Amino acid sequence: LVDLIIILLALLIRNGLKGGNLVPKGVTAVFEMIVEMLYNLTETSAGKYTKQIFPWFATIIVLVFVANLTKLIPGMETIGFMHHSEHGYLTQNIGGNWYILQGVKAPEGEGSIVTPFFRGLSTDLNFTVALALISVVMVQVLGIKAQGFRYFSKFLNFTTIFKKPFLGFMDFIVGVLELISELAKILSFSFRLFGVMFSGTVLVALVGAMVPVFVPSLIYAFELFMGVIQAFVFGMLTLVFMSQATQGHGEHADH
């Protein structure tokens with residue numbers, strides 16, 4: 001569903017650019033503004049490596065942004081197949097084979113729950129881990145492209161261990177910590193996005209079952225805000241890590 005929305009946006013933008021139109025309108029104008037803002041942001045952080053980093057940065061932001069917003073489509077995670085559960089809810093028939101769940105716990109063994117047709121993409125750990133792996137792997141690839149095999153010296157630094165044993169040993173320890181930090185990025189990337197978006201889903205479900213309509217509406221507005229922020233945070237962290245990977249360390253740093 002997310003892919004279809006992004007492809008549709010791409011086709012709308014492509015149609016808006018047909019005929020050599022230099023004054024974009026509608027969706028095309030909005031995306032031109034967004035792309036220009038993201039490119040300038042990348043240029044500020046990445047310098048001469050902007051063209052290599054920008055496609056990853058912009059793609060991640062657009063993908064996560066659309067994925068987060070689709071979670072708020074009416075019916076998402078609430079329409080699906082109903083089946084019996086020992087700890088489910090009472091149901092009410094609304095015609096034919098259509099039922100709705102009531103917000104009342106059923107006696108044990110007599111309740112039902114819904115397996116939705118669609119789930120929010122960001123609330124699935126498979127998606128966030130895959131995105132984290134792509135981001136962290138490409139950070140290493142860009143680091144090697146920019147610095148060659150000198151890039152690995154920040155993880156395994158033996159250059160000063162014989163000249164200055166104490167400082168060299170400290171450099172080696174710092175390198176090990178850098179390696180641990182690099183691996184930890186996978187966990188932090190994955191669980192930050194997953195945790196925030198999944199907790200939002202649970203919050204909307206709980207509040208929707210307990211309080212009047214206007215309060216869930218406020219929660220939805222908050223979820224919209226958090227979806228935008230999380231997309232920007234994920235993209236910005238990728239941009240910062242990629243920019244850092246292209247810069248030298250210690251005596252190899254560019255001045």
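Helices (H or I, at least four residues) and strands (E, at least two) are taken as DSSP runs and numbered from the N terminus. On this basis the secondary structure of the protein comprises six helices and four strands, and from the N terminus on these elements follow the order α-α-α-β-β-β-β-α-α-α. The model is a predicted one, in which local features need pLDDT of at least 70 and side-chain atom pairs count only at pLDDT 80 or more, whereas totals for chains, interfaces and linings use all residues. Residues are numbered from 1 along each chain as its sequence is written, and side-chain values use heavy atoms, with hydrogens and water left out.

Accessible areas were computed by the Shrake-Rupley method with a 1.4 Å probe, and for residues only the protein chains shown count as cover. The accessible surface of the protein comes to about 15700 Å², of which carbon and sulfur atoms hold 71%. With buried defined as under 20% relative accessible area, exposed as over 50% and partly exposed as in between (1.4 Å probe, protein chains only), buried residues make up 32% of the 255 residues. Where contact denotes heavy atoms within 4.5 Å, residues 24 or more positions apart account for 64% of the contacts with a separation of 6 or more.

Two packed helices are described by the angle between their axes and the distance between the axes. Here the axes are lines fitted to C-alpha atoms, for helices over the stretch in contact, and the angles run from 0 to 180 degrees between N-to-C directions; angles under 35 degrees count as roughly parallel, over 145 as roughly antiparallel, 65 to 115 as roughly perpendicular and the rest as oblique. The axes of helix 1 (residues 2-16) and helix 2 (residues 26-46) come within 8 Å and cross at roughly 100°, and the two helices are therefore roughly perpendicular to each other. This contact is made by Leu9, Leu12, Ile13 and Gly16 of helix 1 together with Val27, Thr28 and Phe31 of helix 2. For helix 3 (residues 50-70) and helix 4, by contrast, the angle is about 170° with the axes 11 Å apart, so that this pair is roughly antiparallel. On the side of helix 3, Gln52, Ile53, Trp56, Ile60, Leu63 and Val64 take part, and they meet Phe127, Leu131, Ile134, Ser135, Met138, Leu142 and Lys145 of helix 4.

Helix 3 also contains Val66, which is buried at a relative accessible area of 7%. Apart from neighbours within four places in sequence, Val66 is in contact with Val2, Ile5 and Ile6; of these, Ile6 is 60 residues from Val66 in sequence, with a C-alpha to C-alpha distance of 7.5 Å.

Thr123, in the loop between strand 4 (111-116) and helix 4 (125-147), is buried, with a relative accessible area of 1%, and its contacts beyond four places in sequence are Lys71, Glu77, Phe194, Met197, Phe198 and Thr201. Phe155 is found in the loop between helix 4 and helix 5 and counts as buried at 8% relative accessibility. Beyond four places in sequence, Phe155 is in contact with Gln140, Gly175, Val176, Glu178, Leu179 and Glu182, and the C-alpha atoms of Phe155 and Glu178, 23 residues apart along the chain, are separated by 5.9 Å.

Glu182 also takes part in one of the two salt bridges that the structure holds, a salt bridge being a side-chain nitrogen of Lys or Arg within 4 Å of a carboxyl oxygen of Asp or Glu. The partner of Glu182 is Lys185, at 3.1 Å from N to O; both residues lie in helix 5 (residues 165-210), three residues apart, or about one turn of the helix, and both are buried. The other salt bridge joins the side chains of Asp124 and Arg119 at 3.8 Å, N to O, where Asp124 is partly exposed at 23% relative accessibility and Arg119 is likewise partly exposed, at 45%.

Surface patches were assembled from residues with over 30% relative accessible area and no salt bridge, like charges being joined within 9 Å and nonpolar side chains (Val, Leu, Ile, Met, Phe, Trp, Tyr) within 5 Å. A nonpolar patch is formed by Leu1, Ile73, Ile79, Phe81, Ile94, Trp98, Ile100, Phe117 and Phe118, which together have about 950 Å² of accessible area. Among them, Phe81 lies in strand 1 (residues 80-85) and is exposed, with a relative accessible area of 58%.
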